[in-house]
Amino acid sequence: MRRLGAVRSRSVVAAVLVAAALVVTGVGGVAVAADPYAKADAAMRARMRRDDLGGGALVVRRDGVTLHQQTFGNWTMGKVVPIASASKWLTAATLMTFVDEGRLSLDDPVSRFFPGFARDGKRAITVRMLLSHTHGLVSPGCEGDPRLTLQHCAQEAADGPAPAYPPGEQFHYGGTGFVVAGAIVEQLSGQSFERTFESRIAEPLGMGHTTFDHYGSSRPRTRNPAPAASAQSSTADYAKFVTMLAAGGIAQGRRILDVSSVAEIERDQVAGIDTSDDGAVQITGIPTYGLGVWRDEVAGDDSIEVVSGSGALGFYPWIDRVHGTYGIVAVVDSSGPEHAVPLSQKIARMTWRAAANT
């Protein structure tokens, strides 16, 4: 009995020592729990001050459980803001629901939907190329024009000049491919692009504040949204979307996307293409791309480790596939993508690395 008591005593001491290692000394010598996200929070506060931003948020979750959530300034989780290119992830997911149903293949020629793509070197353009920025189309300049419809804008791309380069051979980040992809979604659904997104993604996930209306517009609906850039959402809404993707396409027991479609969105769609001359690649420092998403970190075999849907205003959702965590850096920073994106990327990296060790 003495030996058992000694073992128990040593166990208690060991537990106390471990607990002591998990605290730091606060102001006045008071012991407080070490916060693995303190550095990221401090970086956000410094950014608010330095760039005169009204507010922002950090969210980190795993398996639907919040590991860290902090708002700054006047931000709330329900605050609706423009999310710029984080729209692309939503659009890619919407289109992939039709792939899941067998009504569309990513390798279908776009001429299946717009006969004008059967000429002027456009015949080789596929749906996959539209979402991976490898189509070569010259912008028709009508993206988001409220005087037109999405169908009209896509038709202008079909009737426009020949591709600037052979389809599938170069990567140039932009919105034109997503205009055509959104118009294909409309043809398949028989509804507007926005209504299709709502019925297939937003409503099943409870994303009641996410739309593709032009932010701040007095128009309740637009017939020509920009599927690459015009969405507005809240941090709470977009977190539901990322939670579904992190779970392999399932939300609250309901399958929204097939697991193979989630994987296809994240797979390298530009393998073998030198992307280094692209302006967006130079801003992000990320050389590979999926379908509407950046592949922030990859393993030696090119399998995905971290994927993100960053936008020019600094809204930065991410998923860490290695550690099962995901989150959002939420800001509205209109200083330009050259400034906003790298800052959000830096803070996102702080949060996913902290989460990996939590």
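## Sheet and helix packing in a predicted model

Six strands, in the order β4-β3-β12-β11-β10-β9, make up an open sheet with antiparallel pairing. Strands pair if DSSP finds at least two bridges between them; helices (H or I, at least four residues) and strands (E, at least two) are DSSP runs, numbered from the N terminus. This is a predicted model, in which local features need pLDDT of at least 70 and side-chain atom pairs count only at pLDDT 80 or more, while totals for chains, interfaces and linings use all residues. Residues are numbered from 1 along each chain as its sequence is written, and side-chain values use heavy atoms, with hydrogens and water left out.

The edge strands, each pairing on one side only, are β4 (65-73) and β9 (294-298). Antiparallel strands β10 and β11 are joined by 3 bridges, and Val306 has Asp320 in β11 as its bridge partner.

| Strand | Residues |
|---|---|
| β10 | 304-308 |
| β11 | 316-320 |

Helix α11 lies across β3, β4, β9, β10, β11 and β12, at about 30 degrees to β11. The axes of α2 (residues 38-50) and α11 (residues 337-356) come within 8 Å and cross at roughly 160 degrees. α2 is therefore roughly antiparallel to α11 (angles over 145 degrees count as such). Axes are lines fitted to C-alpha atoms, for helices over the stretch in contact, and angles run from 0 to 180 degrees between N-to-C directions. Contact (heavy atoms within 4.5 Å) involves residues including Met44 and Arg47 of α2 and Leu343 and Ile347 of α11.

How values were computed: Angles under 35 degrees count as roughly parallel, over 145 as roughly antiparallel, 65 to 115 as roughly perpendicular and the rest as oblique.
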